[in-house]
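This report asks the reader to look at one protein chain as a whole before turning to its details. Please keep the sequence and the structure in view while reading.

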Amino acid sequence: MRSKIFSFVLCLAYFALLVTKANAQGPGIFDGQTDVGTVKHAGSGVYDAKLQQYTLSGSGQNIWATHDDFHFVWKKMKGDFILRTSAAFIGKGVEAHRKVGLMVRTTLDSKSKHINAVVHGDGLTSLQYRKTVSGVTEEKKASITAADVIQLERKGNTYTMSVARKGDLFVSEEVTDLDLGDDVYVGIFICSHNADVTEKAIFNNTRIVTPAPPNLVPYKQYLGSAIELLDLESQNATVIYQSLKSIQAPNWMLDGKSLIYNSEGSLYKFDLKSHTPAVLNTGIAKNNNNDHVLSFDGKMLAISSGDGGPSIGYTVSSAGGEATRVTQTGHGASYMHGWSPDKKYIVFCGERNKEFDVYRIPANGGPEERLTNTPGLDDGPEYSPDGKYIYFNSVRSGLMQVWRMKADGSEQTQLTNDDYNNWFPHVSPDGKWIVYITFLKSEVAPGDHPFYKHVYLRVMPVDGGPSKVVAYLYGGQGTINTPSWASDSKHLAFVSNSDLLFPVFPIAK
């Protein structure tokens, strides 16, 4: 009888321990953290709110075979989602197969079904999964090693790992028909692969995204938006603001103190110190879209507003005021994109006779001049800081690619030529670099730049050349439609999207 009572007490104690672990307060955007399985040294997860960075320490024999021992920082989720992080070990470590990465588990039991996108200490990068409780772990190795950027996406029972060395495009591995249940634990983890050792790792750019549902109606229904600031040297981005509404196209003001973005027809000036927006008066222009651009001296805005008809081009003081119409009546839509450095001209994408081309018009109004005339869409024109060139994107070669021409429209030259759709080239203030947004050919038609897609932000030399990825995100329309460089040419502002907003970051209703 005593042995039965003792066993019952042990069971209660074990259950209480599991509850305590599961209810532990999680750092940052996560619900909780726990050591899964048997560990000699308790793990921890610490969140640095300023850097939006996670530091994990953990022990554990392994995540493999029929059970797992490791430290896990998690959030309970249902439905489809995208997990993403940039992970790096601290120090040389002890075991070649120490592990960091992203994980989805059915339970917090060590024998649970799971899938994880993992980078090992020796660089092995793989997708590992257990199909049944206490089943043997299986593995699909990535075609690259030593990945810095890790993404794990769920669509129903299909899980896709996308990984990259920082600056490169993703490569992917996929597992289909893996049923972990709808209600799962998702998060970041660390395992030392040695029960006597504790390892540490840093996680940056950690995001949990809930994507657009298949039945979302484009341009009628919207996901939430986040404004992020990207440090180009470290490639670390921080969320500075979130909204349940659609926020689009941040322009970075010349003084570095504020951004301008559009939302629901209005322009807003966003104070970077207080993290608060204020409506910018644009007078008669009351239905502003995401084609708005600052003059090189920062004193004026060219804006686009569909006030009872096709989009019209205006100018207005960057401090706000009455807008002055620039484009003429009797034409199709006009989308303003760039000022000449001397403020004499504005270049825009104009729809004329069912063709979209690049036009130039005097900033004070007057006759417009057509600069491109090839069939198909030409869009996103923008002057270089020296005024010699206009950069734009064109579908004329098949896919959407970045092009350049002289300011008079001559010598139109293709600068990118890859198997992706590249939009909206923006030249850095120092005139050395171009940032542009890349859509996947498998997701987007060449002439379209929709919301809510997997996209990259890429940077290349101003004269063309090898490109590198500087941001991996879920976004698209409104992410970087307009020039978003800081005046130091070292930072960018952009918009990402998700139906899941995090209270750890500022949120506007």
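The sections below treat confidence, cores, a group of strands and several individual residues.

**Confidence**

The structure is a predicted model. The protein averages a pLDDT of 94, and 95% of the residues score at least 70. Residues 1–24 have a pLDDT that stays under 50, and the model has eleven contacts beyond four places in sequence for this stretch. Where pLDDT is low, the predicted coordinates should not be read in detail.

**Nonpolar cores**

The largest nonpolar core holds 42 residues, of which V104, I115, L152 and I208 touch the most other members. A second, separate core has 23 residues, including V395, M400, W423 and L473. Returning to I208, its contacts, leaving aside neighbours within four places in sequence, include I29, F30, M77, V186 and F502. K75 and S498 are also among the contacts of I208.

On one side of the description stands β31, which pairs with β32 in the antiparallel sense over four bridges. Within this pairing, Y383 has I390 in β32 as its bridge partner. The two strands form a hairpin with five residues between them, and G387 in the turn has a positive phi of about 80°.

Strand β33 (residues 401–406) also pairs with β32 in the antiparallel sense, here over six bridges. S394 stands opposite Q401 in β33. The hairpin of β32 and β33 has six residues between the strands, and G398 takes a positive phi near 120°.

**A buried threonine in a loop**

Is T372 buried or exposed? T372 is buried, because its relative accessible area is 0%, where buried means under 20%. This residue lies in the loop between β30 (369–370) and β31 (378–383). The side chain of T372 makes a polar contact of 2.7 Å with the side chain of D357, and another of 3.0 Å with the side chain of D378. Leaving aside neighbours within four places in sequence, T372 is in contact with residues including V358, F392, R396, M405 and Q412.

Most residues other than glycine have a negative phi, and most peptide bonds are trans. Q235 has a positive phi near 60° although it is not a glycine, and Y452 likewise has a positive phi near 60° without being a glycine. Q235 is found in the loop between β17 (224–231) and β18 (236–243), whereas Y452 is found in the loop between β36 (433–440) and β37 (453–461). The table lists the relative accessible area of each.

| Residue | Relative accessible area | State |
|---|---|---|
| Q235 | 9% | buried |
| Y452 | 7% | buried |

**A glutamine in strand β18**

Q242 is found in strand β18 and is buried, with a relative accessible area of 3%. Which parts of the chain does Q242 contact, leaving aside its neighbours within four places in sequence? Q242 is in contact with S225 and A226, and also with L501, F502, F505, P506, I507 and A508. The side chain of Q242 reaches the backbone oxygen of F505 at 3.5 Å. Q242 and A493 are 251 residues apart in sequence, and their C-alpha atoms are 13 Å apart in space.

How values were computed: Residues are numbered from 1 along each chain as its sequence is written. Side-chain values use heavy atoms; hydrogens and water are left out. A nonpolar core is a set of buried Ala, Val, Leu, Ile, Met, Phe, Trp, Tyr and Cys residues joined through side-chain atoms within 4.5 Å. Buried means under 20% relative accessible area, exposed over 50%, partly exposed in between (1.4 Å probe, protein chains only). Contact means heavy atoms within 4.5 Å. A polar contact is a pair of N or O atoms within 3.5 Å; within protein, one must be able to donate a hydrogen and the other to accept it, and residues adjacent in sequence count only if both atoms are side-chain atoms. pLDDT is the predictor's confidence in each residue, from 0 to 100. Two strands pair if DSSP finds at least two bridges between them.
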